[in-house]
Amino acid sequence: MGTKGIQILETLGVDVKDLIESLNKALADEWLAYYQYWVGAKVIKGPMKEEAAAELIQHAADELRHADMVASRIIQLGGTPILSPEEWLKVSNCGYDAPIDPFVKRVLEQNIKGEQCAIQTYNTILNKVKDKDPVTYNMVLQIMTDEIEHEDDLQAVLEDIELLQHK
């Protein structure tokens, strides 16, 4: 983003430095979510593991796409995307839950928790830029829509597993 665009954002009350910091935290979350989904799909065990793994792999791809979108926006705003994986856990809003217990229900629950945190994180960013920064707003709204869909998808698979276990 050029200097005029950043100047307009600041005139509208956007603290660009704070926004870049928030986006970098979201970027760390996306990288951790990508890995959590990807590795979870590899180690998952239990009923409906193939269906659950397919969902996790699809979500991992979405998280990687989100990371790309967020990193690009950080650069447009004149910032630098978080450069080191060591920093991800330090700045993350949502953290990382290793699938130490690979049982399908547990892995799904961990990822649902992550999606709920992501929804909250993106809602906070939306409120910062609403009516001030349409580019960031639209990007975050698109990502948040995906995260809401992910939560719903994972909860549906979890419900199916629970129904199977009760029959």
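This is a predicted model: local features need pLDDT of at least 70, side-chain atom pairs count only at pLDDT 80 or more; totals for chains, interfaces and linings use all residues.
Start inside. The largest nonpolar core has 28 residues. Within this core, L23, V70 and Y122 have the most contacts. Several helices contribute: α1 (3-11), α2 (16-43), α3, α5 (104-129) and α6 (134-166) each give two or more residues. Helix α2 supplies the largest share, 8 residues.

Now look at L23. Which residues does L23 touch, leaving out those up to four places away in sequence? They are V70, R73, I74, L77, I125 and M139.

Next comes a covalent link. A disulfide is a covalent bond between the sulfur atoms of two cysteines. The model has 1 disulfide. C94 and C117 form it, with their sulfur atoms 2.1 Å apart. The link is left-handed, at -90 degrees about the S-S bond. C94 sits in the loop between α4 (85-91) and α5, while C117 sits in helix α5, so the pair ties together parts 23 residues apart in sequence. Are these cysteines buried or partly exposed? Buried means under 20% relative accessible area. C94 is at 23%, so it counts as partly exposed. C117 is at 22%, so it is partly exposed as well.

Finish on the surface. Y35, W38 and I57 form a nonpolar patch there. Together they have about 270 Å² of accessible area. I57 belongs to helix α3 (residues 49-76). Its relative accessible area is 38%, so I57 is partly exposed.

Definitions and conventions: Residues are numbered from 1 along each chain as its sequence is written. Side-chain values use heavy atoms; hydrogens and water are left out. Patches are made of residues with over 30% relative accessible area and no salt bridge: like charges are joined within 9 Å, nonpolar side chains (Val, Leu, Ile, Met, Phe, Trp, Tyr) within 5 Å. Accessible areas come from the Shrake-Rupley method with a 1.4 Å probe; for residues, only the protein chains shown count as cover. A salt bridge is a side-chain nitrogen of Lys or Arg within 4 Å of a carboxyl oxygen of Asp or Glu. Helices (H or I, at least four residues) and strands (E, at least two) are DSSP runs, numbered from the N terminus. Buried means under 20% relative accessible area, exposed over 50%, partly exposed in between (1.4 Å probe, protein chains only). A nonpolar core is a set of buried Ala, Val, Leu, Ile, Met, Phe, Trp, Tyr and Cys residues joined through side-chain atoms within 4.5 Å. Contact means heavy atoms within 4.5 Å. A disulfide is a pair of cysteine sulfur atoms within 2.5 Å.
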